[in-house]
Every structure is written in C-alpha cells, then in structure tokens.
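Hi,

Here is the structure I promised to pass on.

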Amino acid sequence: MKFFVDTADTDAIAELNDLGMIDGVTTNPSLILKSGRDILEVTKEICDMVSGPVSAEVIALKADDMIAEGRKLAEIADNIAVKVPLTWDGLKACKVLTDEGKMVNVTLCFSANQALLAAKAGATFISPFIGRLDDLNLDGLDLISDIREIYDNYGYETNILAASIRSANHMSECAKIGADVATAPPNVIKAMANHLLTDKGLDQFVKDAKEAGIKIV
Ligand code: E4P
C-alpha cells in the first residue's frame, strides 16, 4: 500500500519525504487554510519536494469552472492530481481532465455507487472518507472493502485512496483490505511506530545497559 500524507505543512512533508515514508501528498481547501499559505505557491513547493502525485483541489462547483481550475492547477507541475468533488459536475470535470491526460482524484466519496461512477469517469484515484463515516456511527472500512470488491470484479484501474484516516489502526486495516493508497495526517503516520511493549522493552534495555556499563561508541 502506498502512503500519501494529508497536509499542506511543508516541514512535515519534508520530514516524511526525507525518510522515504511517503509516495505522495493530498491537500484540500481546509488544509490550505490551516497552512496560511497561497494555494499555488504552497502546492508548487510541495511538488518540487515530492515526486509522487500531489492532490490539489478545485473550489468551483460547476463543471466548466472546475475544468478551468483543474487546468490551472495542473500547470503547477507534472505530478499534480486535480481533486474534484464527487458530484455530477465533478464527474463531468473528471472525464474531461482525464481525457486530457491529467491525473484526477475524485474526493468526498461516501458510497460504493459513487466510487463506481468515478471509475466509469476514468478517475485516477477515488477518495472514500473513512473517518467521517465512522463519525456517523457507520463503518468507513466496510466502504473500502466494498469498493475493493467491486473494482476487482470488473478490473477497474482507478486507485482506491483511503482518506479521512484518523488512527494508525485505520492504516493497517486499509492495508489488509487492499486499498491501493492511504492518505493520513503526519501524526497518524508517525503513530504507526508506537507500541507500549516497545517502550517498556526499551526502558528495560536502557536500565540493563547502564548496569552492565555497555559502551559502543
Ligand atoms: C483527503 O484527501 C482529505 O483531504 C482528507 O483525508 C479529509 O480528512 P478529514 O475527514 O480528517 O478532514
């Protein structure tokens, strides 16, 4: 499973990218707001840093306007994936931009039917939002399983990009189900390294090393 980081914080992206932990980046208008930066400027900086797909989201609601915005965003760099919402207009924009050879990430997906439509429109990525479904007492991971099954049944090539990930557990569950990519905030990716027994074991080793007077360098 590929990892994308879900942020517009360039310091956090640089840290994970230098470690080889991420294969791409996703942003959205809320993350751009949080960064306090201009969308074109910060997206260019991210694209210069990361070689994999960098999702940048349109803000228009009508297909023609989304297409114009998508074309402008795609001019930033070759690795831009234009993010459009899963609305009828978004699907129209997806089809046009895909036919032009641009990567398209269809976002705000909450049902298997929506994912089917995105695949028919030629989306490069479909972004089902796990956490926001869980917030409503629904099971976001079930949606990932359903889409995996449907895409495999018919050989759709659209990549399942599990989004709205809130925990390290979501990451391993998505990998078990077979999501192609999972996008998570930096803190969730880092939390994947944590285990109470690792901390406990390390405490003991540090204590014992001190008592044994071990010195290596
Ligand atoms: C995906 O591309 C979105 O940017 C993101 O995963 C949304 O996550 P949230 O539900 O935590 O805002």
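Two housekeeping points. This is a predicted model, where local features need pLDDT of at least 70, side-chain atom pairs count only at pLDDT 80 or more, and totals for chains, interfaces and linings use all residues. Numbering runs from 1 along each chain as its sequence is written.

**The overall picture**

The protein chain has 11 helices and eight strands (DSSP runs numbered from the N terminus, with helices being H or I of at least four residues and strands E of at least two). Its C-alpha atoms fill a box of roughly 70 × 40 × 30 Å along the principal axes. Of the 217 residues in the chain, 38% are buried (buried is 20 or more other C-beta atoms within 10 Å of a residue's own, exposed is 12 or fewer, partly exposed is in between, and C-beta atoms are placed from the backbone). If you take contacts between residues at least 6 apart in sequence, 54% join residues at least 24 apart (a contact means C-beta atoms, placed from the backbone, within 7 Å).

**The core**

The largest nonpolar core has 55 residues (a set of buried Ala, Val, Leu, Ile, Met, Phe, Trp, Tyr and Cys residues joined through C-beta atoms within 7 Å). Val82, Cys94, Val106, Ala118, Ile126 and Ala162 touch the most other members. Take Ala118: leaving out residues up to four places away in sequence, its contacts include Cys94, Val106 and Ile126, along with Leu86 and Thr158.

**Lys83**

The unreviewed UniProt entry annotates Lys83 as "active site" (UniProt positions are in the numbering used here, feature names are shortened, and annotations may be inferred rather than shown by experiment). Lys83 sits in strand β4, residues 80-85. Is Lys83 buried or exposed? Lys83 is buried, because 27 other C-beta atoms lie within 10 Å. Not counting residues up to four places away in sequence, Lys83 touches Asn28, Ser55, Ala56, Glu57, Val58, Asn105 and Thr107.

**Helix α8 and its partners**

Helix α6 (residues 112-120) packs against helix α8 (residues 140-154) at about 40°, with the axes 9 Å apart. Axes here are lines fitted to C-alpha atoms, for helices over the stretch in contact, and angles run from 0 to 180 degrees between N-to-C directions. α6 and α8 are therefore oblique to each other (under 35 degrees is roughly parallel, over 145 roughly antiparallel, 65 to 115 roughly perpendicular, and the rest oblique). On the α6 side, Ala112, Ala115, Leu116 and Ala119 meet Leu143, Asp146, Ile147, Ile150 and Tyr151 in α8.

α8 also packs with helix α9 (residues 168-177), at about 20° and with axes 10 Å apart. That makes α8 roughly parallel to α9, and this crossing is right-handed. Here Leu141, Ile144, Ser145 and Arg148 in α8 meet Glu173, Cys174 and Ile177 in α9.

Most residues other than glycine have a negative phi. Asn137, in the loop between α7 (130-134) and α8, has a positive phi of about 70°. Asn137 is exposed, with 6 other C-beta atoms within 10 Å. Ser164, in the loop between β7 (159-162) and α9, has a positive phi of about 55°. Ser164 counts as buried, with 23 C-beta neighbours inside 10 Å.

Cheers

Conventions. Contact = placed C-beta atoms within 7 Å. Left-handed = near helix turned anticlockwise from the far one by under 90°.
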